[in-house]
Amino acid sequence: MMIAKTGPAKKSILIEEHFRAPSDKVFKAWTKPSSLKKWFMAEQQVKVIDAGVDLHVGGAYFIEVLYPGYPPTTINGEFLEIVMYKFLGYTWLTPMLGDAITKVEVAFQDLGMGSKITLRHGEFDDVDTMQAHIDGWTGCLGELHGYLQTV
């Protein structure tokens, strides 16, 4: 896994991760609610209790998570760009960000015996929030590896 802080103010993150699965399989795991429920944030004992994906430009998604000891929290947004099995661009709203809206871009690329994703997320208002998202994405991608081995 390669992680970098990018942008003029170093307030965005860039993560590259390789998988032993083809890019279309990774893309489907990223965009199907039933898959999201199995790998998203599972490493932190966080449970996805509901998810929805309306996969078209202008369509919405949501992921409702339950952190131990807290009420349910929703991560949601809107798809800005979709190139099937190749690229997703979407907004990201979560209570952790207050009223701020960040943008996530994920490129999916085949690499012979596997694939690579390149994830960009930002811009964040502060270093602590950015680090929390680096930690979250790192954990999620680790869980995605395990999930992809089961499907």
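Visitor: Which residues form one aromatic cluster here?

Guide: In this predicted model, Phe 27, Trp 30, Trp 39, Phe 40, Tyr 85, Trp 92, Phe 108 and Trp 137 do. Local features need pLDDT of at least 70, side-chain atom pairs count only at pLDDT 80 or more, and totals for chains, interfaces and linings use all residues. Side-chain values use heavy atoms, without hydrogens and water, and numbering runs from 1 along each chain as its sequence is written.

Visitor: How many aromatic pairs does the structure hold, and how do I read one?

Guide: A ring pair is described by the distance of the centres and the angle of the planes. Rings of Phe, Tyr and Trp (its six-membered ring) pair if their centres lie within 6.5 Å; planes under 30 degrees apart are stacked, over 60 edge-to-face, the rest tilted. The structure holds twelve such pairs. Take Trp 39 and Phe 40: centres 5.9 Å apart, planes at 70°, so edge-to-face. Phe 40 and Trp 92 sit at 6.4 Å and 50°, so that pair is tilted. This second pair links distant parts of the chain, 52 residues apart.

Visitor: What about the backbone?

Guide: Most residues other than glycine have a negative phi, and most peptide bonds are trans. Here, phi of Tyr 85 is near 65°, a positive value. A cis peptide bond joins Gly 122 and Glu 123, with omega about -5°.

Note on methods: Helix = DSSP H or I, 4+ residues; strand = E, 2+ residues; numbered from the N terminus.
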